[in-house]
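Please read it alongside the sequence and the coordinates.

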Amino acid sequence: MRNFLSVFFLLVGTVAFAQKGTIAGKITDKDVNNEPMSFANVVLKGTTIGTATDIDGNFELAVDPGNYTVEISFVGYETILVPVTVVANQTVTINRAMSTGSVKLEDVVLVQQVNKEKQNALILDQKNAIEIKQSIGAQEMQRKGVSNVEQGVTKISGVSKVADRGIFIRGLDDRYNYLQINGLNFIPSDPNLKTIPLQFIPTDIVRNIDVFKTFNPSLYQDFAGASINVWTKDIPSKGYTKVSISTGFNTDTFGKDFKTDGKSGSDYFGFGSKSREIPTVFNENNPRGYTASPQESLGLFNSSWTPEVNSAPVTANFGLTTTDVFNLSNDRRIGYLINVNFGNNYLNQTGQRRNLNTEGTAFKDFQVGRFTYTTQKSALLSVIFKKSGKYEFSNNLIFLQNSENRIEEIQGENTDFITIDRPFFLRDAVYSQNTSIGLQHLGTLFFNEKKSEFNYGIGITRGINDMPDRKILITEGVGADADFVTFNGANPFRFFSNLVNNNINAKAEYSLNFGKGEDELYRNNLKFGVNSDFTNYNFFNRTIRLNGGGNLADTSMNTDDPQSFFNQNFQNGSLFYQSTSDPTYEVEVNQFIQAGYVTYTKTWKKLILDLGVRIEYLFRETRYRNETDAITAPKKTSTYDPIDFNPALNLKYLLTDKANLRFTASKTSTKPRFREILPFRYQDGDGNFTFGNKDLLNTQNYNVDLKYEYFPNNSSLLSAAIFGKVINDPITRLLEGTSTGFLTSYENFDRATLYGLEVESNFGLDLLFKENALAKRFNLGLNAIFMKSKEEADPTKFPRLTSSSRSLQGASDIIFNGDIVYDLIKNTNTESKVSFIFNTFSERIYAVGTDGAADIKQKPINTLDFTWRNTFKKKYQLNLTVRNLLDAEILATQDPTRAIANPDAFSNVNNRLTQGTNVNLEFTYTF
């Protein structure tokens with residue numbers, strides 16, 4: 001395949017064929033133990049011929065015979081000049097070690113940005129950047145055994161993962177974060193999320209990840225935690241193909257009985273949505289409802305109520321990357337990169353789910369068993385065309401898809417829902433499939449030797465969230481000792497939903513440098529930019545109930561095979577499927593964003609000032625019907641159209657050649673998730689409901705940061721930051737008790753405040769023990785955040801709140817991440833290193849308490865991971881990863897607010913779930 005693609009891409013340009021000689025070699029970093037120097041510039045002085053070193057520091061140039069001076073440079077390092085004589089069909093070898101030497105920080109202000117996969121390049125970029133940002137590159141993620149973007153981001157200070165709610169940054173969840181890929185919006189297909197689940201973006205396609213915790217006007221204003229930008233891989237200096245296969249298992253799952261909502265072989269690959277399509281008689285073209293006859297009901301649906309049971313096997317993962325680059329005439333280069341990935345996972349979890357009253361008595365006390373089979377698929381096709389110092393164009397086709405086949409079974413006491421002598425039993429069988437596909441075109445044009453540049457981009461994304469045929473079964477009793485029940489709204493039902501969103505977004509920015517200083521470097525920069533974004537959401541949902549239970553002569557059934565019971569009663573005419581007229585079956589949302597910004601940067605010898613403003617206009621139109629409306633009534637229209645002015649100030653003071661002091665202040669505004677504004681009642685099946693609020697306001701966020709950075713060398717970092725935030729109209733999730741369970745709703749509280757201290761370090765132990773040979777083998781990364789938060793609500797507006805003031809929902813006072821890496825072997829043919837990675841957080845509020853009940857709090861999860869990575873002859877890799885070595889569980893508690901009614905039987909457990917330990921073995925071959 002690679003040979004075919006090479007021929008194809010050679011046709012796009014004219015290649016100059018001649019008898020040439022070769023200049024090749026390896027560039028290393030003298031300041032870091034002669035580690036390979038990735039992305040150093042290697043050019044023939046006085047010409048436009050050049051290249052960049054690859055990730056291993058190697059380079060190769062094919063040139064005409066003659067005498068040349070090779071110029072080797074890297075931002076912040078002393079330039080090396082090497083005179084050479086090139087002879088046809090012969091190779092001149094240049095191996096050199098670069099050093100920062102006497103290069104000063106102010107000498108490299110406002111110079112070109114370098115490609116970044118290597119850790120030292122990212123640290124240097126962080127050091128020179130005007131804004132405050134943190135980055136992690138492909139090299140560091142590989143070293144830490146990171147396989148997806150979510151794991152990579154959690155290695156950054158102030159970032160933690162909540163089990164079922166994604167990434168929290170500085171105590172703020174997915175709602176307050178923003179995601180872009182290559183600087184363009186890439187919308188999620190899941191209505192419950194603001195960003196694409198980061199665990200579904202594999203690091204195989206990632207060059208580096210930038211995390212902006214402070215605002216600058218070129219960013220969308222829609223964040224208070226962080227704006228995350230994932231950069232896909234650039235073309236390398238030479239082509240390669242990499243194949244990886246891996247397998248693994250979970251200690252709580254492998255070899256045990258595993259239940260799935262089975263339908264077809266396509267489920268294994270995560271393409272089972274099509275086989276579960278809603279019957280035509282119930283689809284969106286029939287809004288008035290439909291009652292099927294018992295005989296018709298027998299053959300309406302493809303998927304069975306009876307789960308499939310098999311022994312859980314090992315996981316299977318596969319990845320392929322192929323890339324090549326071609327040097328064209330006139331110093332032009334064109335390259336391509338193709339990557340495809342597939343992975344799956346089996347997870348069997350057990351635990352408890354309990355709802356407690358104010359006296360600590362459980363009115364719902366369930367044992368939980370959860371079986372989750374997931375798949376992740378991704379593909380990237382990238383074609384890049386560039387001319388050094390003149391232009392660069394890239395085209396990206398990005399495909400991301402994940403599926404989840406989950407069966408959750410709960411059984412136990414449920415006095416609030418139904419009164420029975422035998423255990424209450426509920427099975428929730430869900431298959432969901434999320435697909436996002438995007439096409440991007442980006443370009444950069446340089447003018448007047450980079451005095452000015454023009455950046456632009458356009459992206460088109462289509463997202464589909466499909467939940468076909470979710471099935472809820474409730475019985476009295478479990479297994480063969482069970483009875484079919486239909487009272488108290490316990491009728492079994494099937495639920496279908498589909499969300500299709502289409503997005504187009506574009507950006508354009510012009511940057512001008514002017515006003516040279518005595519050192520001939522530009523000291524002023526002016527940027528103008530615009531952003532446009534349009535998204536259309538179309539949401540459809542349908543509930544189909546199994547009715548007729550009152551006609552049953554015999555209600556006894558086996559929960560291990562409910563389909564046989566239903567088939568028998570379809571045949572005898574006792575049961576049938578029915579959908580009722582539901583005016584809320586569809587919702588349409590159109591959202592348009594138009595923004596413009598300007599920034600001015602002034603550079604003095606020690607001080608850099610960056611001042612700007614962004615004006616962003618949002619128009620959102622929601623078209624819907626209420627539950628009480630007639631099905632034929634015209635849809636209501638709700639609009640929301642704020643204009644936000646978002647100023648930003650960034651100050652950077654160069655204390656020394658190795659130290660910066662930064663200050664930033666800004667205002668931003670964040671939008672709610674799509675699910676949070678959907679104006680209809682979503683049923684969970686066990687008596688719990690979720691209701692969106694179309695009238696939610698965007699939050700207004702005021703942010704300030706003061707940060708000190710010290711860079712002992714180009715691969716080490718020590719920093720400390722003090723930060724504070726005031727959030728007006730924060731969006732909060734409320735849980736209120738109902739006659740059958742809980743109602744989740746969303747409201748704007750009055751205000752939230754957040755402040756804290758963030759520290760970060762990344763260094764080799766030889767920084768402390770310079771001549772110690774053992775210390776040179778160790779690298780240590782530590783980061784932590786210490787913060788306090790407070791959220792306030794008007795008690796007259798929210799009278800059911802137990803307390804009108806509390807810590808911000810989801811915020812921990814302490815978050816800690818640490819890793820240590822040790823080089824076991826490091827020579828020309830073999831590299832072997834082990835890593836231990838630890839992270840934890842302090843207690844935090846999971847849900848806000850109402851009606852006198854205390855807040856539900858999530859307990860710390862202490863996670864320890866281990867990786868052992870081995871590289872042989874630079875072609876073969878064998879890697880072992882063990883996650884959750886401590887076998888930490890997910891635990892949430894709720895304390896009583898009154899005297900405990902039954903102290904001997906009391907437990908404050910609200911939710912507990914096992915995770916198990918994951919073991920994975922990977923083999924990679926590069927050629």
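**Notes on the predicted model**

1. Strand β9 is joined by four bridges to strand β14 (residues 206-212), and the two run antiparallel. Within this pairing, serine 135 stands opposite aspartate 210 in β14. Helices (H or I, at least four residues) and strands (E, at least two) are DSSP runs, numbered from the N terminus, and two strands pair if DSSP finds at least two bridges between them.

2. This is a predicted model, in which local features need pLDDT of at least 70 and side-chain atom pairs count only at pLDDT 80 or more, while totals for chains, interfaces and linings use all residues. Residues are numbered from 1 along each chain as its sequence is written, and side-chain values use heavy atoms, with hydrogens and water left out.

3. The open sheet consists of five strands in the order β9-β14-β15-β12-β13, with mixed pairing. β9 (134-137) and β13 (184-185) stand at the edges with a single partner strand each, so one side of each is left without a neighbour in the sheet.

4. There are eight cavities of 30 Å³ or more. A cavity here is a set of points on a 1 Å grid over the protein atoms alone where a 1.4 Å probe fits but cannot get out; lining residues have an atom within 4 Å of a point. Points are joined across faces, edges and corners, and a volume is the space filled by probe spheres set on them.

5. The largest cavity has a volume of about 360 Å³. Its lining has 28 residues, with Ile187, Pro188, Lys194, Tyr537 and Gln591 nearest the centre. Among the elements that each supply at least two lining residues are β12 (177-181), β28 (522-547) and α7 (674-677).

6. A nonpolar surface patch of about 930 Å² includes Trp604, Leu607, Tyr653 and Phe786. Patch residues have over 30% relative accessible area and no salt bridge, and nonpolar side chains (Val, Leu, Ile, Met, Phe, Trp, Tyr) are joined within 5 Å; areas come from the Shrake-Rupley method with a 1.4 Å probe. Tryptophan 604 lies in the loop between β31 and β32 (607-624).

7. The structure holds 46 salt bridges, each a side-chain nitrogen of Lys or Arg within 4 Å of a carboxyl oxygen of Asp or Glu. One of them joins aspartate 261 and lysine 471 (3.0 Å, N to O). These two residues are 210 residues apart, with lysine 471 in strand β25 (residues 452-478).

How values were computed: On a 1 Å grid over the protein atoms alone, a cavity is a set of points where a 1.4 Å probe fits but cannot get out, and a pocket is an open set with protein on both sides within 12 Å along at least five of seven lines; lining residues have an atom within 4 Å of a point. Patches are made of residues with over 30% relative accessible area and no salt bridge: like charges are joined within 9 Å, nonpolar side chains (Val, Leu, Ile, Met, Phe, Trp, Tyr) within 5 Å.
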